[in-house]
Amino acid sequence: MSSIHNNKNNTNMDYNSEGKPCILWSFVARDDVILAEASIEEDKYDNFVAETAKQLCRKKPTPGWEFTSMMPRRGCPMKLKGMKFHIYDHTTEGDFHIWAMGCVYDANTVDTQQVQSFIEKVVGISEMFREHNIDWKYGGGLAAQDQFSPILLQRMQEVAYLGKYAMVNSELNNLRDIMARNIEMILERGDRIESLQERSTKLNEMASVFKKNSKGLKRKMLWQNAKHGLILGTAITAGVAVIVVPPIVAVL
């Protein structure tokens, strides 16, 4: 469900201080539409990165983080992983968009906290576009490519050249707030659906108490789901590898 898309915003400059690439491909998406993406340009390992990117994009959204990784393959010396973060926003139709910001990276050359920091920055930078830009709200595939791909590339290069100095840990609390809002929106939509069903029947007091307890349990489960990737992400260590990737248009 994805294809290679060549564009002028490729680069071969996304390297760390040891001359190895860090973040290999990044994207922003609305629901199942990738709006912008960026990558480094070379051909050696493009198929491996593309496969990891497709795997990441196919993962169903959680209220927070989602992770994926590629199994070791012959001819691919790097440790490819993918990470994305989701943001739920109300639409004028009463439902909500699910935004996704993510990337594919080599876990041998960059650690999980640095990748999370990169995504945190993309979340912050994209806020104005998500709220006010028509192309972002209603555009088709790569509608924001010319506008936002250079920004993605710049942030990818910051991780490559600045390493851990590029991290912005102060933004972590902001993402926790977003996860909390995502969870409440999911629960709110569930309440609306239930209220329509309740118009055709009356619930007794015991059912009302059960519903209250069930909602609390659901909120707890959503929090565990939202944090799952955050917990798993602390074990990555740095090493060396070389990787390249072309841009990818994928269906989430």
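**One residue and its surroundings**

A: Tyr88 is found in strand β5, which covers residues 80-90. Helices (H or I, at least four residues) and strands (E, at least two) are DSSP runs, numbered from the N terminus. The model is predicted, so to speak of local features requires pLDDT of at least 70, and side-chain atom pairs count only at pLDDT 80 or more, while totals for chains, interfaces and linings use all residues. Residues are numbered from 1 along each chain as its sequence is written, and side-chain values use heavy atoms, with hydrogens and water left out.

With a relative accessible area of 4%, Tyr88 is buried. Buried means under 20% relative accessible area, exposed over 50%, and partly exposed in between (1.4 Å probe, protein chains only). Leaving aside neighbours within four places in sequence, Tyr88 is in contact with Pro61, Thr62, Pro63, Phe96, His97, Ile98, Arg181, Asn182, Met185 and Ile186; contact means heavy atoms within 4.5 Å.

The protein has six helices and seven strands, in the order β-β-β-α-β-β-β-α-α-α-α-α-β along the sequence. It has 252 residues, of which 50% count as buried. Among contacts between residues at least 6 apart in sequence, 76% join residues at least 24 apart. The protein exposes about 12900 Å², and carbon and sulfur atoms supply 52% of that area. Accessible areas come from the Shrake-Rupley method with a 1.4 Å probe; for residues, only the protein chains shown count as cover.

The axes of α2 (residues 112-132) and α4 (residues 145-162) come within 10 Å and cross at roughly 155 degrees, which makes α2 roughly antiparallel to α4. Axes are lines fitted to C-alpha atoms, for helices over the stretch in contact, and angles run from 0 to 180 degrees between N-to-C directions. Angles under 35 degrees count as roughly parallel, over 145 as roughly antiparallel, 65 to 115 as roughly perpendicular and the rest as oblique. The residues of α2 that meet α4 include Phe118, Val122, Ile125 and Phe129; on the α4 side, the residues include Phe148, Ile151, Leu152 and Val159.

Two loop positions have positive phi although neither is a glycine. Asp31 has a phi of about 55 degrees and lies between β2 (23-30) and β3 (33-39); its relative accessible area of 30% makes it partly exposed. Leu142 has a phi near 60 degrees and sits in the loop between α3 (134-138) and α4. Leu142 is buried, at 15% relative accessible area.

Finally, the cysteines Cys76 and Cys103. Cys76 is buried, with a relative accessible area of 9%, and Cys103 is buried as well, at 0%. The structure holds zero disulfides, a disulfide being a pair of cysteine sulfur atoms within 2.5 Å. Cys76 lies 29 residues from Asn47 in sequence, with their C-alpha atoms 9.9 Å apart. Asn47 belongs to helix α1 (residues 46-58) and counts as exposed, at 61% relative accessibility.
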